[in-house]
Amino acid sequence: MSIWWSLHLRREAASVPLARRLLLGTMETAGVDPDISYDLSLALSEACANAVEHGGDGGHEGLSEAYRVTAYLDGEKCRIEVADSGPGFPAVRTRPATCPVPVEDENGRGLCLIQELADHVHIGNKPGRRGAVVSFDKILKWRKDAPLIAV
């Protein structure tokens, strides 16, 4: 079983729950375990929120006013990618093994949370273009009554 979809969304806060609900609906319909679905939807929400907040600079004739979400459920794995047209990440970026952001801070925990919720995470810039890309994947578990279980 393989399912994929891609959304081109405006950089507005209202787009975040839209992407999350589409992912949850897809995984529920396919029969993915609810705990796995929740983890992936929370990670997606964090990635989308980052794209909304940091993914543009108002230039490039509207290109920075949108971002793209792509999700693949393929066999035993779900892979999600969120790409924007903002300034991207700094040229030299190291990810700490643990997240040193204080609990009381309102910002800075999203990428760390994604790293905790997913099995594999890639955080970087679009090759040769402006923009950041956050992609992550997780091995799927299936409900016993899953209609589209991978074989």
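Which side chains does a polar contact of 2.7 Å join? The side chains are those of arginine 79 and aspartate 137, a polar contact being a pair of N or O atoms within 3.5 Å in which, within protein, one must be able to donate a hydrogen and the other to accept it, while residues adjacent in sequence count only if both atoms are side-chain atoms. The model is predicted, so local features need pLDDT of at least 70 and side-chain atom pairs count only at pLDDT 80 or more, although totals for chains, interfaces and linings use all residues. Residues are numbered from 1 along each chain as its sequence is written, and side-chain values use heavy atoms, with hydrogens and water left out.

Arginine 79 is found in strand 3, a strand being a DSSP run of E with at least two residues and a helix a run of H or I with at least four, numbered from the N terminus. Among the residues that arginine 79 touches are Tyr72, His120 and Asp137, where contact means heavy atoms within 4.5 Å.

Strand 3 (77-84) also belongs to what covers the buried residues of helix 2, which include Leu40, Leu44 and Cys48; buried means under 20% relative accessible area with a 1.4 Å probe, protein chains only.

Technical notes. Buried < 20%, exposed > 50% of the residue type's maximum accessible area, 1.4 Å probe, protein only. Lists of a residue's contacts leave out its neighbours within four places in sequence.
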